[in-house]
Amino acid sequence: MDKQKREEYLSIAYLRTISASGGIIFSLDYEDSDSVDVNLKFHWDDVDFDSTIGIQLKATSSKNCYREDEEFIHYDLKVKNYNDLRRNSSESKFLALLI
C-alpha cells in the first residue's frame, strides 16, 4: 500500500474514532463528487434537532504540504475542492487535515 493510501485510511480511522467517542454517527461517502468524504450526523435525545456536516478529509506527513503560523495551519487545497466546500449549501462543510 502506498503512503498516500495509508494516510487516507489513517484520517478515516482517526475521525471515526473521535466520532464514536462523542456518540456522533459517522458515514463514509464512497461517491466523492462534491469534495465530501464523510458525513457526521448529530442527534440529541433531549432536543428535537438533528444536524449533519460534511467533511473533506486530507492527511499528510510531509512538512512541504502545509505551513503553520501563530494562529493557523495553511494547506494548499485544489481549487475544485475549495469551491465545493465554500459553495452555499444547507449542509455545513469543513476540511479536516490530519498531520
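Biologist: In what order do the strands form the open sheet?

Modeller: In general, strands of a sheet pair through backbone hydrogen bonds, either parallel or antiparallel. In this predicted model, 4 strands form an open sheet in the order β1-β2-β3-β6, with mixed pairing. Two strands count as paired if DSSP finds at least two bridges between them. The edges are held by β1 (25–28) and β6 (92–98); each has a single partner strand, so one side of each is left without a neighbour in the sheet. From one strand to the next the twist averages 30°.

Biologist: What should I know about the numbering and the limits of the model?

Modeller: Residues are numbered from 1 along each chain as its sequence is written, and side-chain values use heavy atoms, with hydrogens and water left out. As this is a predicted model, local features need pLDDT of at least 70 and side-chain atom pairs count only at pLDDT 80 or more, while totals for chains, interfaces and linings use all residues.

Biologist: How many helices and strands does the chain have?

Modeller: Helices (H or I, at least four residues) and strands (E, at least two) are DSSP runs, numbered from the N terminus. The chain has 2 helices and 6 strands. Along the sequence they follow the pattern α-β-β-β-β-β-α-β. Taken along the principal axes, the C-alpha atoms fill a box of roughly 45 × 35 × 30 Å.

Biologist: Which of the pairs run parallel, and which antiparallel?

Modeller: Take them one pair at a time. β1 and β2 run antiparallel and are joined by 4 bridges; there, Leu28 stands opposite Val38 in β2. β2 also pairs with β3 in the antiparallel sense, over 7 bridges, and His43 stands opposite Asp50 in β3. β3 and β6 run parallel, again with 7 bridges joining them. In that pair, Gly54 has Lys93 in β6 as its bridge partner.

Biologist: How many residues lie between the two strands of the β2 and β3 hairpin?

Modeller: The hairpin has 4 residues between its strands. Asp48 sits in this loop, between β2 (38–44) and β3 (49–59).

Biologist: Is Asp48 buried or exposed?

Modeller: Buried means under 20% relative accessible area, exposed over 50%, and partly exposed in between (1.4 Å probe, protein chains only). Asp48 has 82% relative accessibility, so it counts as exposed. For the chain as a whole, buried residues make up 24% of the 99 residues.

Biologist: Which strands do the helices lie across?

Modeller: To read the angles, note that axes are lines fitted to C-alpha atoms, for helices over the stretch in contact, and that angles run from 0 to 180 degrees between N-to-C directions. Helix α1 lies across β1, β2, β3 and β6, running at about 155° to β3. Helix α2 (residues 79–86) lies across β3 and β6, and runs at about 135° to β6.

Biologist: Which residues is Ser19 in contact with, leaving aside its neighbours within four places in sequence?

Modeller: Contact means heavy atoms within 4.5 Å. Ser19, found in helix α1, is in contact with Ile24, Phe26 and Leu40 once those neighbours are left aside. Ser19 is buried, because its relative accessible area is 1%.

Biologist: What is the phi of Ser35?

Modeller: Phi of Ser35 is near 65°, a positive value in a residue other than glycine. Ser35 lies in the loop between β1 and β2. With a relative accessible area of 1%, Ser35 is buried.
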